Amino acid sequence: MSVPKVFLLEDEPSVCALIKDFAESEGWGFKCLDHCGGSVAAMREFQPDAVLLDVALPDGDGYEVCRQLRKDAALKKVPAIFLTAKGDVQSRLKGFEAGGQDYVSKPFDIRELRARLYAHLALKHEKDVLLREKDALLREKGVFLVRERLQQDMLDMVVHDLRTPLTTIKGTLEWVRTSGLISAGEYETLLKNAEDAAEWAIFMVNDMLDLHCGKLRVERRPLDFRELTQRLESLFHLQAQARRMPISFDWPAADPAVETDSMLVLRILANLLSNAIKFSPQNSPVRLGARRGSGGLRLEVEDRGPGIPDAEKERIFIKHYRLKEGGGQGVPGFGIGLAFCRLAAGALEGRIWVEDAAPMGSRFVLDIPA
Ligand code: ADP
């Protein structure tokens, strides 16, 4: 709490001197005025934390000053305590009706006044803190609502405007490449790269749409590791090359006879692999692993990036959640990928989580039943 300031409206010099000494001994700010005229303006300038009001003053009364205080935007929350020789019930009630918080009868013991002032100052301080917190919460909520709105707008744009042209681009590129119209090897590679980029864009759009709906359709067929490797390689070889990151596939020698939705598995691994490349330093390796266990299939994507702090290991799967430090810093994204992975793992009746890799980095693990 900053140093409290007390304003006294009092025309008796002895009372004024007594309270001034006391306020100074407490180390508080203090100001005294002996008439009503201009007192509210003086208080506005002084910004007191509590006001002590004598009732009978030469040019008016403390009740009227108190009423003005309660109408003043800057002063209406400041506690007012009446100091007066009129201790009868009628006078006290009049003080409360005028907007006073307390009453001390003259002659008073300075210890009582001290105790009352401390109680009111503490209350005011608590109220101020609560009001500040409320303001901060409202501001945060406002920002949050604006962000939610932007995300919704973005999603609407994706839904309405992006999926169709992307699918057309990919289809056209594929047709041109396979039609034999363009045969030179280099063009074919360029077309294939463009096609893969369009496919990855379609994946991301679909992730968003699926997350928005919250449901996925599952179509099971035997998982083909050769196909999985080919599609992951073609989706990411350019990014991995640009960052000089070797990707290794540590797959079982024979396909482990697992029936699952291959497209969903591909989309999960694509998200994990994309993150591993995005968030890890250049030249560091990324490993994809798979092994058949008793309950089903375990797939892993491991990198040598900054890793995920323990407290964040669950939160990163929440939609739009991104790490401020480390992983997400400066890397563009919307925090959709891992939320989609969690949804898709659930649709496959499996589980996904992240653990620390040794000696550093993260290992994302996907368990799916056979
Ligand atoms: P996005 O990649 O769009 O940020 P994700 O949902 O895929 O969204 O990831 C959420 C956050 O989790 C990322 O912003 C990043 O902070 C963190 N993260 C995900 N994968 C990794 C990783 N392999 N290494 C470090 N941090 C990661």
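Of the 19 residues around the ligand, those that come nearest are Asn 275, Lys 278, Asp 303, Arg 322 and Leu 338; a residue is counted here if one of its heavy atoms lies within 4 Å of the ligand. The model is a predicted one, in which local features need pLDDT of at least 70 and side-chain atom pairs count only at pLDDT 80 or more, while totals for chains, interfaces and linings use all residues. Residues are numbered from 1 along each chain as its sequence is written, and side-chain values use heavy atoms, with hydrogens and water left out.

**Ligand contacts**

- The polar contacts below are pairs of N or O atoms within 3.5 Å; within protein, one atom must be able to donate a hydrogen and the other to accept it, and residues adjacent in sequence count only if both atoms are side-chain atoms.
- The side chain of Asn 275 places an N or O atom 2.8 Å from an oxygen atom of the ligand.
- For Asp 303, an N or O atom of the side chain is 2.8 Å from a nitrogen atom of the ligand.
- Leu 338 contributes through its backbone, where an N or O atom lies 2.9 Å from a ligand oxygen atom.

**Helix 8**

- Helices (H or I, at least four residues) and strands (E, at least two) are DSSP runs, numbered from the N terminus.
- Helix 8 covers residues 262-279, 18 residues in total, and reaches 26 Å from its first C-alpha to its last, close to the 26 Å expected; the expected span is 1.5 Å times one less than the number of residues.
- Because 15 of its 18 residues are buried, helix 8 is largely enclosed by the rest of the structure.
- Buried means under 20% relative accessible area, exposed means over 50%, and partly exposed lies in between (1.4 Å probe, protein chains only).
- The N-terminal end of helix 8 is capped by Asp 261, with a side-chain oxygen 3.1 Å from the backbone nitrogen of Met 263.

- Five strands in the order 2-1-3-6-7 form an open sheet with parallel pairing; two strands pair if DSSP finds at least two bridges between them.
- Strand 2 (29-33) and strand 7 (102-105) are the edge strands, each pairing on one side only.
- From one strand to the next, the twist averages 20°.
- Axes are lines fitted to C-alpha atoms, for helices over the stretch in contact, and angles run from 0 to 180 degrees between N-to-C directions.
- Helix 1 (residues 13-26) packs on this sheet and touches strand 1, strand 2, strand 3 and strand 6 (80-84), and its direction makes about 170° with that of strand 2; contact means heavy atoms within 4.5 Å.
- Strand 1 (residues 5-9) and strand 3 (residues 50-54) run parallel and are joined by four bridges, with Val 51 in strand 3 as the bridge partner of Phe 7.

**Antiparallel pairing around strand 12**

- Strand 11 (residues 286-292) runs antiparallel to strand 12, to which six bridges join it.
- These two strands, strand 11 and strand 12, form a hairpin with three residues between them.
- The bridge partner of Gly 289 is Glu 300 in strand 12.
- Strand 12 also pairs with strand 14 in the antiparallel sense, over seven bridges; Gly 296 stands opposite Pro 369 in strand 14.
- Six of the seven residues of strand 12 are buried, so this strand is largely enclosed by the rest of the structure.

**Backbone exceptions**

- Most residues other than glycine have a negative phi, and most peptide bonds are trans.
- The peptide bond from Lys 106 to Pro 107 is cis, with omega near -10°, and Pro 107 is found in the loop between strand 7 and helix 5 (110-178).
- Ala 358 and Pro 359 are also joined by a cis peptide bond, with omega about 0°; Pro 359 lies in the loop between strand 13 (351-356) and strand 14 (362-369).
- Gln 47, although not a glycine, has a positive phi of about 50°. This residue, Gln 47, is in the loop between helix 2 (39-46) and strand 3 and counts as exposed at 55% relative accessibility.
- His 320 has a positive phi near 70°, is found in the loop between strand 12 (296-302) and helix 9 (337-347), and is partly exposed with a relative accessible area of 25%.
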